[in-house]
Amino acid sequence: MDAFPILLSFQVSLVATVLTLALGLPLAWVLARRRFPGHDLVEAAVVLPLVLPPTVLGYYLLVLIGARGPVGRLLGGLGIELAFTWRAAVLAASVGSIALLVKAAQAGFEAVDRRLEQAARTLGRSEWNIFWSVTLPLSWRAVFAGTVLAFCRALGDFGITLMVAGSIPGLTQTMPLAIYDYVQANQ
């Protein structure tokens, strides 16, 4: 087995983890600190990737981003192809792992004593500053744990990636897909 699937897996996992952090941290903070209509529905949607079979999740994602799907048509009009590319593998890994980051970070944010944040507000700190100087430093262990879990889940993704990116050697074949193909070919 050559090194391409290993390198691609790490590239996909790193990019997916950055994307997951960018989307997941604000979502975790909102879920931890705000109550709004539909809060429980958003919480359920966040954990959905953990309870749906990966191939089902991959199928629905492919329906969304494929050439005939709404996102696929929109991107196609801009000259961007997403399905069956390494970027689709990043999307698959992000979708599959975001729940792990969000739930861990949410628990960390909820554990931060709100009185400490309120004290920072009385000192004239902005919400942005409070997040970076109080909330995140006090919840960093949970955020770090969620980040590691998300990275590891992204690194090992199989079903979602297979559905939306395929297993094209030298292009979209990640390490789990290459291992599967190797085992299938050598039985």
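## A tryptophan pair on α7

Trp-128 and Trp-132 sit 4 residues apart in helix α7, so about one helical turn separates them. This is a predicted model, so please read every value here as computed from predicted coordinates. An α-helix has 3.6 residues a turn, so residues three or four places apart point the same way. The two tryptophan rings have their centres 5.7 Å apart, and with their planes at 65 degrees the pair is edge-to-face.

How does solvent see these two side chains, as buried, partly exposed or exposed? Trp-128 is exposed, at a relative accessible area of 63%. Trp-132 counts as partly exposed, with 44% relative accessibility.

Across the whole structure, a search turns up 7 aromatic pairs. One of them joins Phe-109 to Phe-131: the ring centres are 5.7 Å apart and the planes meet at 70 degrees, so this pair is edge-to-face. Phe-109 belongs to helix α5 and Phe-131 to helix α7 (residues 127-155), so the pair ties together parts that are 22 residues apart in sequence.

Phe-109 has 0% relative accessibility and counts as buried, and Phe-131 is buried with a relative accessible area of 12%. Together, Phe-109, Trp-128, Phe-131 and Trp-132 make up one aromatic cluster.

## Helix α3 and its buried side

Helix α3 has 12 residues and reaches 16 Å from its first C-alpha to its last, close to the 16 Å expected at 1.5 Å a residue. Its buried residues are Leu-57, Gly-58, Leu-61 and Ile-65. They cover an arc of only 100 degrees around the axis, which puts them on the same side of α3.

What do the buried residues of α3 pack against? Their partners are α2 (39-51), α4 (70-77), α5 and α8.

Leu-91 has its place in helix α5. With a relative accessible area of 23%, Leu-91 is partly exposed. Apart from neighbours within four places in sequence, Leu-91 is in contact with Leu-61, Ile-65 and Leu-82. Leu-91 and Val-164 are 73 residues apart in sequence, and their C-alpha atoms are 8.7 Å apart in space.

Ser-13 is found in helix α1. Is this serine buried or exposed? Ser-13 is buried, at a relative accessible area of 0%. Setting aside residues up to four places away in sequence, Ser-13 touches Phe-151, Ala-154 and Leu-155.

Methods
Residues numbered from 1 in each chain as written. Predicted model: local features only at pLDDT ≥ 70, side-chain atom pairs only at ≥ 80, totals over all residues. Heavy atoms only, no water. Phe/Tyr/Trp six-rings, centres within 6.5 Å; stacked < 30°, edge-to-face > 60°. Helix = DSSP H or I, 4+ residues; strand = E, 2+ residues; numbered from the N terminus. Buried < 20%, exposed > 50% of the residue type's maximum accessible area, 1.4 Å probe, protein only. Expected span 1.5 Å × (residues − 1). Arc of directions from axis to C-beta. Contact = heavy atoms within 4.5 Å.
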